[in-house]
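This report goes through a single protein chain, from backbone details to domains and ligand shell. Please keep the sequence and the model in view while reading.

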Amino acid sequence: MKNLLPVYRKVPVVVARAKGKYIWAENGEKYLDFLSGISVTNMGHCDKKVVAAIKKQADQYLHVSNLYHDRNQEKYARWIVKKTFPGFVFFSNSGAEANELAIKLVRRYGASRGKYRIITFKNSFHGRTISTISATGQDKFRKGFSPLLSGFDYAVFNDFDSVIKKTGDKTVAVIVEPVQGEGGVYVAEKRFIRELSTFCRRRKILLIFDEIQTGFGRCGKMFAFEIYGVIPDVLTLAKSAGGGLPLGITVIRKGLEKFLPAGSHGSTFGGNPVSVAAGLAHASQINGKVLARVKSTGKFFIGHLEKLREKYPAIREIRGVGLMIAVEFVKPVAREVSVFFLKNKILVNACKENIIRFLPPFTIGKNDIIKLVKTLEIFLKKEV
Ligand SMILES: Cc1ncc(COP(=O)(O)O)c(C=O)c1O
């Protein structure tokens with residue numbers, strides 16, 4: 001693999017195949033997957049209905065252009081609007097692109113009033129393009145890429161006063177992740193989001209929820225904004241939106257579409273027919289029963305991790321909601337922990353030097369969780 005740009009710290013697993021909650025390597029090793037491709041294959045790898053939808057669509061057409069109608073695009077857009085709020089859907093290819101359109105919309109929305117500034121949050125993550133690293137409130141993703149896109153102000157997550165302090169006469173939008181995923185699984189407090197929502201509505205500031213990681217059932221609701229009882233103006237989705245294929249989605253509330261008329265935005269591959277067919281087959285399986293399972297399995301998982309925390313002072317905190325869970329250690333041992341899990345054939349992610357993140361498929365069982373917790377306990381007994 002010497003010709004691949006070395007931007008990823010790859011784990012030494014050469015994948016042969018994947019099914020459900022397992023990944024098999026070329027050398028025959030079988031791994032229990034607690035990452036789901038970073039919250040992509042929420043219903044498990046190679047889900048039967050998703051694969052069938054891909055095969056069916058691939059037999060019909062792969063790509064024709066957004067200049068023509070695709071029935072599944074219309075169907076998926078209807079499904080999303082029904083599950084979110086009255087509005088319009090734009091399909092792209094990735095999370096960064098979904099956020100890019102949100103930022104473009106903000107510019108047009110504020111233009112007539114000379115407003116353009118966007119509040120985002122410290123420790124946030126919104127993507128890897130120039131505009132989305134500019135929105136991202138973490139220096140490590142921006143380092144060396146200046147000049148960045150101007151117009152972003154970074155407030156403190158879960159601190160409403162800091163939002164007020166950062167708001168100026170040119171502020172026109174706020175972008176928030178309900179749970180900061182890449183940042184280490186920090187959950188937004190209910191009061192904070194409610195205050196933010198009321199504030200934005202009063203000031204005609206657009207409230208944008210980046211649910212690229214939290215969406216499609218990950219937090220025990222179809223979309224995490226439901227937890228807070230607020231409705232954003234714009235919702236950005238990706239990751240599991242395509243059921244394993246690339247798909248970004250920007251949902252814009254009714255009334256805002258006038259800022260994006262024909263010709264104002266587009267994408268050659270956005271809403272690719274195969275990705276849309278896969279996404280629709282994936283999303284339509286996430287029903288009340290699945291969501292209830294995410295909630296109860298998540299509680300079970302957090303409960304067991306909390307017991308470990310009580311026993312081992314090496315663990316500072318357990319955070320999470322639904323099946324989006326993190327363990328924060330006192331020391332920077334996350335990489336060591338993930339290597340230990342790998343040796344024990346469990347795949348997890350070290351998202352910060354002292355934080356391990358779990359995003360298992362919704363089909364994960366209680367016995368799998370117990371296996372993971374026992375493995376972590378062996379590490380804690382031996383190493384820390
Ligand atoms: C909250 C959030 N926003 C945006 C992105 C960027 O998505 P993509 O990698 O598909 O561009 C991610 C990816 O991790 C994310 O978690």
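Where is the place of Val 185? Val 185 sits in the loop between strand S8 (179-180) and strand S9 (186-187). Helices and strands here are DSSP runs, of at least four residues in H or I for helices and at least two in E for strands, numbered from the N terminus.

## Basis of the model

This is a predicted model, in which local features need pLDDT of at least 70 and side-chain atom pairs count only at pLDDT 80 or more, while totals for chains, interfaces and linings use all residues. Residue numbers start from 1 along each chain as its sequence is written.

## Overall form

The chain has 13 helices and 17 strands. Its radius of gyration is 21 Å, close to the 21 Å that the globule rule gives for 384 residues, so the chain is as compact as a globular protein of that length. The radius is taken over C-alpha atoms, and the rule is 2.2 Å times the number of residues to the power 0.38. Along the principal axes, the C-alpha trace spans about 60 × 55 × 45 Å.

Of the 384 residues, 46% count as buried. A residue is buried if 20 or more other C-beta atoms lie within 10 Å of its own, exposed if 12 or fewer, and partly exposed in between, with C-beta atoms placed from the backbone. Among contacts between residues at least 6 apart in sequence, 72% join residues at least 24 apart. Two residues are in contact if their C-beta atoms, placed from the backbone, lie within 7 Å.

## Backbone details

Val 185 has a positive phi of about 60° although it is not a glycine. With 26 C-beta neighbours inside 10 Å, Val 185 counts as buried. Ile 38 also has a positive phi of about 60° and is not a glycine, but its place is in helix H1 (residues 36-39). Ile 38 counts as partly exposed, with 16 C-beta neighbours inside 10 Å.

The peptide bond from Ser 146 to Pro 147 is cis, with omega near 0°. Pro 147 belongs to the loop between helix H6 (139-142) and strand S6 (152-155).

## Domains and their contact

The chain is divided into domain 1 (15-33 + 287-383) and domain 2 (48-283), with bounds from an automatic or database domain assignment. Their C-alpha centres lie 27 Å apart. Domain 1 puts 19 residues into the contact and domain 2 puts in 14 residues.

On the side of domain 1 that touches domain 2, the elements giving two or more residues are helix H11 (288-311), strand S13 (315-321), S14, S16 and S17. H11 gives the most, with five residues. By class, this side of domain 1 has eleven nonpolar, three polar and five charged residues. Ala, Val, Leu, Ile, Met, Phe, Trp, Tyr, Cys and Pro count as nonpolar, Asp, Glu, Lys and Arg as charged, and the others, Gly among them, as polar.

## Strand pairing

Strand S17 (residues 355-358) runs antiparallel to strand S14 (residues 324-329), joined by four bridges, and Ile 325 stands opposite Phe 358 in S17. Strand S16 (residues 349-352) is also antiparallel to S17, with three bridges; there Ala 350 has Ile 356 as its bridge partner. A hairpin of two residues joins S16 to S17. Strands pair if DSSP finds at least two bridges between them. Within S17, Ile 355 and Arg 357 point one way and Ile 356 and Phe 358 the other way, and all are buried.

An open sheet of four strands has the order S1-S2-S3-S15, with mixed pairing. Strand S1 (15-19) and strand S15 (346-347) stand at the edges with a single partner strand each, so one side of each is left without a neighbour in the sheet. Strand S3 (residues 30-33) pairs with S15 in the parallel sense over two bridges, and Leu 32 stands opposite Ile 346 in S15.

## Ligand shell

Around the ligand are 14 residues, of which Ser 94, Gly 95, Ala 96, Ile 212 and Gln 213 come nearest. A residue is near a molecule if its C-beta atom, placed from the backbone, lies within 6 Å of it. Helix H4 (residues 95-111) supplies the largest share of the shell, three residues. By class, the shell has four nonpolar, seven polar and three charged residues.
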